[in-house]
Amino acid sequence: MMSLLESFDTVSHSEQLLLRLETASAELSKKQGLKEEKAWLEAATQRLATARQGVGDLLTRALRLP
């Protein structure tokens, strides 16, 4: 089971990771071939984006907790 701090860090880092995945996907799309790499990168991006749906201002609200 994750602690509250570990959970906060995971949600916080997931936002940064999503941006990095999107950037990597955009860069990889400029290259020819690499079909499998593009597919798994797109799948990872979609999975993380789906998991982050509904997060909204969760981190801001969590910071206000005692």
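Predicted model: local features only at pLDDT ≥ 70, side-chain atom pairs only at ≥ 80, totals over all residues.
Lys 30 has a relative accessibility of 63% and counts as exposed, while Glu 27, at 44% relative accessibility, counts as partly exposed.

From here we can turn to Ser 25, which lies in helix H1, the helix made of residues 4-29. Is Ser 25 buried or exposed? Its relative accessible area is 18%, and Ser 25 is therefore buried, since the word applies to values under 20%. If its neighbours within four places in sequence are left aside, Ser 25 is in contact with Leu 41 and Glu 42.

The last stop is Leu 58, found in helix H3, which covers residues 58-63. With a relative accessible area of 34%, Leu 58 is partly exposed, because this value falls between the 20% limit for buried residues and the 50% limit for exposed ones. How many residues apart along the chain are Leu 58 and Ser 12, and what distance separates their C-alpha atoms? The two residues are 46 residues apart along the chain, and their C-alpha atoms are separated by 9.6 Å in the model.

Conventions:
Residues numbered from 1 in each chain as written. Heavy atoms only, no water. Helix = DSSP H or I, 4+ residues; strand = E, 2+ residues; numbered from the N terminus. Buried < 20%, exposed > 50% of the residue type's maximum accessible area, 1.4 Å probe, protein only. Contact = heavy atoms within 4.5 Å.
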